[in-house]
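Please look over the fold first and then the selected residues. The briefing below is grouped by topic.

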Amino acid sequence: GMNYFIQMYTILSNPVFITACCARAMMAGTNTALHFWISDYMRNALNINDGRVIFISYTIISIAGPLGGTLASTWTNFVLGGYENKHSQLALLFFHVVCCCFGISVVFMKGLYSFGITTMMFLVFSASALPIVYGIILTSVDPELKGMAYSIANFVTMALTSGPAPFLYGMVNDYYGDTHKNYGMLFIMLCD
């Protein structure tokens, strides 16, 4: 009964948890919207109308990006000795800043190759940052609260960003799509 609410309060009053939870939510929401709308973006903003080219490009981007992120994350974990290291926040900051730079750059790419490489690099650095955020979420609370903290982080992500982000992209895209075909993508990348 009351113990549950005390645990919930303990987690929700932890500023490190709240910051990491918000960072995870924004990053996951951006990724969700990107994956949901990428083929539409390639058709309408990049004028690529060959479904096979879109499929192959998206497949390469969506496999190579997270795979590169996993390699970078593994290397970072090896160098730092784990996510509990005090320097993991600096690695997170570095990965996220680079991720944001590539994310904003995606919007200004006009060709398939530049768009594909920039999007892939966005996903590499996003996938590099997310495990550090997960580590911070889990180490910011006492061990017996990890399960509840992770559940809260998932709920916040789904309710506030991963659920609404594709819808918000679509709203911006519908409103500006005739004149500015990249505004939906710009909006989402600015949220990251």
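Residues 24 or more positions apart account for 75% of the contacts in the protein with a separation of 6 or more, a contact being heavy atoms within 4.5 Å. The model is predicted: local features need pLDDT of at least 70, side-chain atom pairs count only at pLDDT 80 or more, and totals for chains, interfaces and linings use all residues. Residues are numbered from 1 along each chain as its sequence is written, and side-chain values use heavy atoms, with hydrogens and water left out.

**Architecture and dimensions**

- The protein has 8 helices and 0 strands, which gives the pattern α-α-α-α-α-α-α-α along the sequence. Helices (H or I, at least four residues) and strands (E, at least two) are DSSP runs, numbered from the N terminus.
- For 192 residues, a compact globule would have a radius of gyration near 16 Å, and the 18 Å of the protein agrees with this. The radius is taken over C-alpha atoms, and the globule rule is 2.2 Å times the number of residues to the power 0.38.
- Along the principal axes, the C-alpha atoms fill a box of roughly 55 × 40 × 25 Å.

**Surface and charge**

- Of the 192 residues, 42% count as buried. Buried means under 20% relative accessible area, exposed over 50%, and partly exposed in between (1.4 Å probe, protein chains only).
- The accessible surface comes to about 10,300 Å², and 70% of it belongs to carbon and sulfur atoms. Areas come from the Shrake-Rupley method with a 1.4 Å probe; for residues, only the protein chains shown count as cover.
- There are 7 positive and 8 negative side chains, with the centres of the two sets 7 Å apart. Lys and Arg count as positive and Asp and Glu as negative, while His and the chain ends are not counted. The place of a charge is NZ of Lys, CZ of Arg, CG of Asp or CD of Glu.

- Helix 3 has 30 residues and reaches 43 Å from its first C-alpha to its last, close to the 44 Å expected at 1.5 Å a residue. The expected span is 1.5 Å times one less than the number of residues.
- The buried residues of helix 3 include I54, I61, G65 and L80, and its buried residues pack against helix 2, helix 4 and helix 5.
- T74 is in helix 3 and counts as partly exposed at 49% relative accessibility. T74 and T59 are 15 residues apart in sequence and 23 Å apart in space, C-alpha to C-alpha.
- Helix 4 (residues 88-108) has 21 residues and reaches 31 Å, close to the expected 30 Å.
- Among the buried residues of helix 4 are F95, H96, C99 and V106. The buried residues of helix 4 pack against helix 2 (15-44), helix 3 (51-80), helix 5 (112-139) and helix 8 (183-191).

- T118 is in helix 5 and is buried, at 7% relative accessible area. T118 touches F102, S105, V106 and M109, not counting residues up to four places away in sequence.
- L123 is also found in helix 5 and is buried, at 4%. With residues up to four places away again left out, L123 touches N31, L34, H35, I61, G65 and P66.

**A loop residue with positive phi**

- N47 lies in the loop between helix 2 and helix 3 and is exposed, at 57% relative accessible area.
- N47 has a positive phi of about 60° although it is not a glycine. Most residues other than glycine have a negative phi.
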